[in-house]
Amino acid sequence: MDSPAITGALPSARSLSPAILSFLGGKFRSQNDLQQAPNLVSELRLQSHNLDQALADLNQRLRSSLIAYASHSDQINSIIGDIKAELTETALKLDTLVGDIEDAVSSTINRNLRKSSQKSEDVRLAAINTLKIAEGVLTSVTKTRPQWARLVSAVDHRVDRALAILRPQAIADHRSLLASLGWPPPLSTSDTKTSTEVSNPLFTMQGDLKHQYCDNFLALCSLQELQRERKSRQLEGHNREVALHQPLWAIEELVNPLSIASQRHFSKWVDKPDFIFALVYKVTRDYVDSMDELLQPLVDEAMLSGYSCREEWVSAMVTSLSTYLAKEVFPIYIAQLDEENVPETRSQARISWLHLVDLMIAFDKRVHSLVAQSGVSLLLQEDGNLQNVSSLSVFADRPDWLDLWAEIELSDTIDKLKREIEDERSWSIEIQGAALPSDLEDYRSPAISSAFLRRLSSVVDRCRSLPSISLRSRFLRLSGVPIIQNFLDCLLLRCQEAEGLTALTDDDALVKVTKSINASHYFESAVKEWCEDVFFLEMGMNQGDQSGITVAENRLTGESMEGPGSGILDEEIGKLEEFRTEWVEKLSTVVLRGFDARCRDYIKNRKQWQEKEEGMAVSRSFVGALDYLQGKMSVVEGGLNKMDFVGVWRTLATGVDRLIFNGILMSKSKFYDGGVERLGNDLAVLFGVFGAWCLRPEGFFPKLSEGLKLLRMGKKQLLGSIEGGERWFKENGIRHLSGSEAEKIVKNRVFIT
């Protein structure tokens with residue numbers, strides 16, 4: 001019977017697709033499967049309905065997306081349109097500004113060509129103001145629209161062309177105004193108060209001329225500030241400080257004609273550099289006040305930040321002097337130093353060189369005081385700023401001249417020290433009184449160490465005048481370090497001479513060595529104290545960059561390539577310490593060697609320990625050896641400083657302890673009660689000798705003290721040591737003897753039952 005759910009005629013099988021036929025074939029495999037047809041129809045209708053619903057949802061989402069996209073596209077098109085409009089507007093604005101700039105520059109040139117009476121300063125100032133506006137736009141574009149780099153580059157190119165015309169024209173007008181003012185004024189070579197005072201044209205100018213000069217000065221400052229702003233923008237992300245801080249153009253224009261006028265006098269004073277420095281200082285001092293009173297307000301008005309007219313004036317004057325010295329004076333001295341066939345010329349050139357450096361140092365101190373009057377502390381300035389106001393900056397450009405100066409300085413210092421080195425009184429007379437700081441009075445140093453310190457201090461003081469840390473470090477290493485090495489060589493030579501003549505057995509030889517040790521310790525302590533100063537600490541931190549000192553130079557001067565942060569004189573201090581330690585030990589060794597020679601019979605005499613009866617006997621040979629030791633130590637104590645003498649007697653005590661312990665207690669000697677008593681008496685005398693230098697001398701003879709302690713123990717107690725082992729030794733205060741040493745001493749103890 002047919003299902004009531006199936007109505008209408010069935011389609012022909014041929015009209016069905018293969019997929020439908022396959023589907024139906026899979027569902028209706030037998031006659032019985034036809035009964036599931038209604039359920040299949042319901043299921044298919046449900047799936048069809050769901051698919052229709054899903055399709056409707058997709059159509060709705062597609063419609064919404066298309067609407068949103070259309071809206072977003074309109075916004076994007078609007079933004080793009082705005083950007084295009086902004087770009088066109090910015091480009092037009094910049095083009096207009098640059099056009100105005102070029103017109104103004106052209107107008108300024110034409111006015112000068114026609115020599116019009118109308119001032120061109122207003123036109124120039126207008127051009128500068130337009131340039132500042134354009135620079136503001138370029139700065140904004142660079143920050144907000146970095147992708148417009150080509151536009152910025154194109155505008156920069158046109159502005160640079162305008163500036164290339166505007167700046168030289170402004171400078172030319174400025175020079176013309178200075179000439180109208182009577183600048184440079186006549187140079188007076190007299191520095192006396194009674195000389196006729198030369199008027200300052202900057203103070204005497206009046207009326208329109210003063211107004212024109214101030215306007216032109218202001219224009220130059222404004223141009224320089226504009227140039228700084230452009231460089232700041234163009235160097236964004238780079239180290240800009242060096243490029244941004246340039247000498248003040250307007251001040252340079254004041255100094256250049258003065259420099260030219262001064263050189264007419266300089267050419268007559270090549271052999272009298274004192275006059276050169278005197279004239280430059282006088283001119284610098286005479287006009288420095290006008291920088292503060294007249295020109296600094298104009299610089300401030302131009303908003304040229306970071307500039308002091310006083311400092312710029314002094315710096316420019318010093319730079320002109322340094323340039324002249326480098327071109328005209330130093331080459332003459334160098335040529336004279338190269339005259340190998342004329343020793344007198346070379347010698348005079350060295351003297352002249354040192355005299356010139358003295359003048360440069362004195363001059364720098366005087367001009368630094370002029371700058372300091374403005375309230376600027378040069379000590380707080382970077383190396384670069386300090387270098388600008390130092391005539392010694394000539395050595396920054398010519399490090400080979402710095403090396404030559406260091407060589408001359410070292411040679412002169414060594415020559416001056418030779419006389420004191422050869423004077424025997426310098427090695428025997430101790431430094432006294434006010435020449436010694438209170439904390440160095442115990443060193444008992446001979447005068448020679450003070451002489452070397454004075455010379456080294458002089459080199460350090462000259463080194464302080466150099467304008468950069470790297471120059472100071474290089475100079476000190478080339479001229480100061482060899483002085484310390486020379487001092488150490490002198491000490492070593494004297495000690496070796498004393499040792500070679502008598503092997504230090506003579507009292508005079510001992511005293512000679514003690515004086516050298518005292519000199520070394522005093523010198524070492526003084527240099528250590530110096531090195532705590534910031535001046536030396538800065539140079540130590542700068543060692544990582546030694547301003548081109550090569551490895552070969554380091555080897556030549558005995559320097560090591562230490563890392564940053566090491567003290568600049570640490571290696572030399574270490575050598576002084578090594579010298580002192582070595583010769584303190586030698587003093588102890590010499591006394592110990594003599595003591596050993598006088599103790600040999602005493603040590604070999606084993607029978608003396610076999611006495612059976614106790615008594616107060618003391619070994620005569622041992623007392624004689626101690627008498628020798630005490631006598632030699634008295635000589636050493638009389639000559640050596642207290643600190644190093646402590647090292648001598650302590651080292652000697654250690655040697656004596658080891659000598660007697662190994663020679664007697666570790667021998668095959670048998671100790672009876674009388675022998676133990678004799679040994680105790682001998683050691684009491686030994687401790688008494690060393691008791692002059694400490695409160696508890698037996699503590700410095702640990703092996704002898706503990707060995708005697710074992711020998712004095714009773715038989716039963718010693719038997720306990722065999723059974724108790726290490727624990728017994730510790731409980732009985734035996735800490736410096738090994739188990740085998742203690743066992744041997746115990747076995748050599750003989751008791752009479």
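The following legends describe close-up views of a predicted model.

**View 1. The cavity lined by residues of helix 8 and helix 10.**
The count of cavities of 30 Å³ or more comes to one. The volume of the largest cavity is about 60 Å³. Its lining is formed by Ser 259, Ser 262, Gln 263, Phe 266, Val 280, Met 317, Ser 320, Leu 321 and Tyr 324. At least two of the lining residues come from helix 8 (249-266), and at least two come from helix 10 (309-337). By residue class, the lining comprises five nonpolar and four polar residues, with no charged residue.

**View 2. The stacked aromatic pair of Phe 330 and Trp 401.**
Across the whole structure, 26 aromatic pairs are found. Phe 330 belongs to helix 10 and Trp 401 to helix 14 (residues 399-422), so the pair ties together parts separated by 71 residues in sequence. Phe 330 is buried, at 0% relative accessibility. Trp 401 is also buried, with a relative accessible area of 5%.

**View 3. The edge-to-face pair of Trp 649 and Phe 700.**
The planes of the Trp 649 and Phe 700 rings stand at 80 degrees with the centres 4.8 Å apart, and the pair is therefore edge-to-face. Trp 649 is placed in helix 23 (residues 642-665), whereas Phe 700 is in the loop between helix 24 (673-690) and helix 25 (702-711); the pair therefore ties together parts that are 51 residues apart in sequence. Trp 649 is buried, with a relative accessible area of 3%, whereas Phe 700 is partly exposed at 26% relative accessibility. Both residues belong to a cluster linked by ring pairs, which consists of Phe 645, Trp 649, Phe 687, Phe 690, Trp 693, Phe 700 and Phe 701.

**View 4. The side-chain contact between Asn 518 and Asn 641.**
Asn 518 is located in helix 18 (residues 507-530). With a relative accessible area of 0%, Asn 518 is buried. The side chains of Asn 518 and Asn 641 make a polar contact of 2.7 Å.

**View 5. Ser 352 of helix 11 and Pro 273.**
Helix 11 (residues 343-372) contains Ser 352. This serine counts as buried, at 15% relative accessibility. Ser 352 and Pro 273 are separated by 79 residues in sequence, and their C-alpha atoms are 9.4 Å apart in space.

**View 6. Glu 743 of helix 28 and Leu 718.**
Glu 743 forms part of helix 28 (residues 739-747). The relative accessible area of Glu 743 is 43%, and the residue is partly exposed. Between Glu 743 and Leu 718 the separation is 25 residues in sequence, while the C-alpha to C-alpha distance is 9.7 Å.

Note on methods. Residues are numbered from 1 along each chain as its sequence is written. This is a predicted model: local features need pLDDT of at least 70, side-chain atom pairs count only at pLDDT 80 or more; totals for chains, interfaces and linings use all residues. Side-chain values use heavy atoms; hydrogens and water are left out. On a 1 Å grid over the protein atoms alone, a cavity is a set of points where a 1.4 Å probe fits but cannot get out, and a pocket is an open set with protein on both sides within 12 Å along at least five of seven lines; lining residues have an atom within 4 Å of a point. Grid points are joined across faces, edges and corners, and a volume is the space filled by probe spheres set on the points. Helices (H or I, at least four residues) and strands (E, at least two) are DSSP runs, numbered from the N terminus. Ala, Val, Leu, Ile, Met, Phe, Trp, Tyr, Cys and Pro count as nonpolar, Asp, Glu, Lys and Arg as charged, and the others, Gly among them, as polar. Rings of Phe, Tyr and Trp (its six-membered ring) pair if their centres lie within 6.5 Å; planes under 30 degrees apart count as stacked, over 60 as edge-to-face and the rest as tilted. Buried means under 20% relative accessible area, exposed over 50%, partly exposed in between (1.4 Å probe, protein chains only). A polar contact is a pair of N or O atoms within 3.5 Å; within protein, one must be able to donate a hydrogen and the other to accept it, and residues adjacent in sequence count only if both atoms are side-chain atoms.
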